[in-house]
Amino acid sequence: MKIEVEKKDNIKIIRLIGDLDGTSAPEVREEIISHINDNSKLVFDMSQCEYISSAGLRVLLIIAKKLKAKGGQGVLAGLVEEVKDVMEITGFDHMLTSYESIDTAINSL
Amino acid sequence: MPSIKLPATIENLDRMLEFVVNGVNHFEIATENSLKKLRLVCEEMLTNIIDYSYPKQTGEVKIIYKVVTEEKKVIIKIIDHGVPFNPVEYKKPNLSASIEERDIGGLGIHIAKRIVDQMKYQRNEEQNVLTIVKFIN
């Protein structure tokens, strides 16, 4: 998986490109955690992530817990159908906020 | 039936998944979505074996698959000789918990059970034998 980070004002847009699976999860976790500071505002652009497994969900959960502990905010954007399915099966769709478009996600923070 | 036997390590996970997904794809009857689901089920069940089946030393995992073309289904057997574990009877995690209360574990088996069409577990001659059936149309 490739990760690109773009800064827009005080918001970081983190683009996850590829598969968020058991193989990529540890590296993705470390990379994203390094972008979390006090009151961080993060948008995860998931439009180019077409596969997620429970290992990937665990990364999202760890990040969400970390953001909450640091008074930050994080939202997901552009989820593809396959990823949405996994989010629904696991109840993550109720736990994490997600938006169809990146712009709406940015405006929500 | 095609089969592969490898040490149950995270480094081998991609190889195991490619073995099943590429093998099934070769039959040209599976949709892209069903192949992704198949990969997901295999990843979840194999990761579980990699993480928990052999707490003392690395053991092996054997994967066998069969494509029943006329019924458009795949039968996968995953066999390990690690600690007894029946995923079929594994309790569903609390899916409505908040971010703070959410537990990190237990999600993978839940995902796999929701996606497969059948899942059967047997403990045979000190082996965990998991049989999964997934329709691929």
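**Note on the predicted two-chain model**

1. In chain B, helix α3 (residues 107–115) has 7 of its 9 residues buried, so this helix is largely enclosed by the rest of the structure. The model is a predicted one. The buried positions of α3(B) are B:Leu107, B:Gly108, B:Ile109, B:His110, B:Ile111, B:Ala112 and B:Ile115. Both chains contribute to the surroundings of these residues: chain A provides α2 (54–69), α3 (81–90) and α4 (92–95), while chain B provides α2 (32–52), β4 (118–124) and β5 (127–135).

2. On the chain A side 26 residues are in contact with chain B, and on the chain B side 24 residues take part. The size of an interface is often given as the accessible area lost when the parts come together. Here the area buried between chain A and chain B is about 2200 Å², and carbon and sulfur atoms give 58% of this area. Within chain A, the three residues A:Tyr51, A:Arg58 and A:Ile89 supply 27% of the area that this chain buries against chain B, more than any other three residues.

3. A:Lys68 and B:Glu100 form a salt bridge in which the closest N and O atoms are 3.7 Å apart. A:Tyr51, already named for its share of the buried area, also has B:Arg39 lying over the face of its ring, at 3.7 Å from the ring centre.

4. How many aromatic pairs does a search of the whole structure find? Over all chains there are 2. In one of them, B:Phe19 and B:Tyr65 are arranged edge-to-face, with 5.2 Å from centre to centre and 65° between the planes. B:Phe19 belongs to helix α1 (residues 13–25) of chain B and B:Tyr65 to strand β2 (residues 60–68) of chain B; the pair therefore ties together parts that are 46 residues apart in sequence. B:Phe19 is buried, at a relative accessible area of 18%. B:Tyr65 is likewise buried, with a value of 6%.

5. B:Phe85 and B:Tyr90 also form an aromatic pair. Their ring centres are 5.7 Å apart and their planes stand at 65°, so this pair is edge-to-face. Are these two residues buried or partly exposed? B:Phe85 is partly exposed, with a relative accessible area of 30%, and B:Tyr90 is partly exposed as well, with 34%.

6. A:Ser24 is found in the loop that runs between β3 (19–20) and α1 (25–33) of chain A. This serine is buried, its relative accessible area being 9%. When residues up to four places away in sequence are not counted, A:Ser24 touches A:Met1 and A:Asp19.

7. The annotation comes from unreviewed UniProt entries. For chain A, UniProt places "domain: STAS" at residues 1–109. Over that span chain A is 42% helix and 28% strand, with the end C-alpha atoms 26 Å apart. For chain B, UniProt lists residues 6–134 under "domain: Histidine kinase/HSP90-like ATPase". That span of chain B is 33% helix and 26% strand, and its end C-alpha atoms lie 23 Å apart.

Technical notes:
Residues numbered from 1 in each chain as written. Chains lettered and ligands numbered in written order. Predicted model: local features only at pLDDT ≥ 70, side-chain atom pairs only at ≥ 80, totals over all residues. Heavy atoms only, no water. Phe/Tyr/Trp six-rings, centres within 6.5 Å; stacked < 30°, edge-to-face > 60°. Helix = DSSP H or I, 4+ residues; strand = E, 2+ residues; numbered from the N terminus. Buried < 20%, exposed > 50% of the residue type's maximum accessible area, 1.4 Å probe, protein only. Lys NZ or Arg CZ within 6 Å of the ring centre and 35° of its normal. UniProt positions renumbered as here; feature names shortened; annotations may be inferred. Contact = heavy atoms within 4.5 Å. Buried area = accessible area lost by both parts, 1.4 Å probe. Salt bridge = Lys/Arg side-chain N within 4 Å of Asp/Glu carboxyl O.
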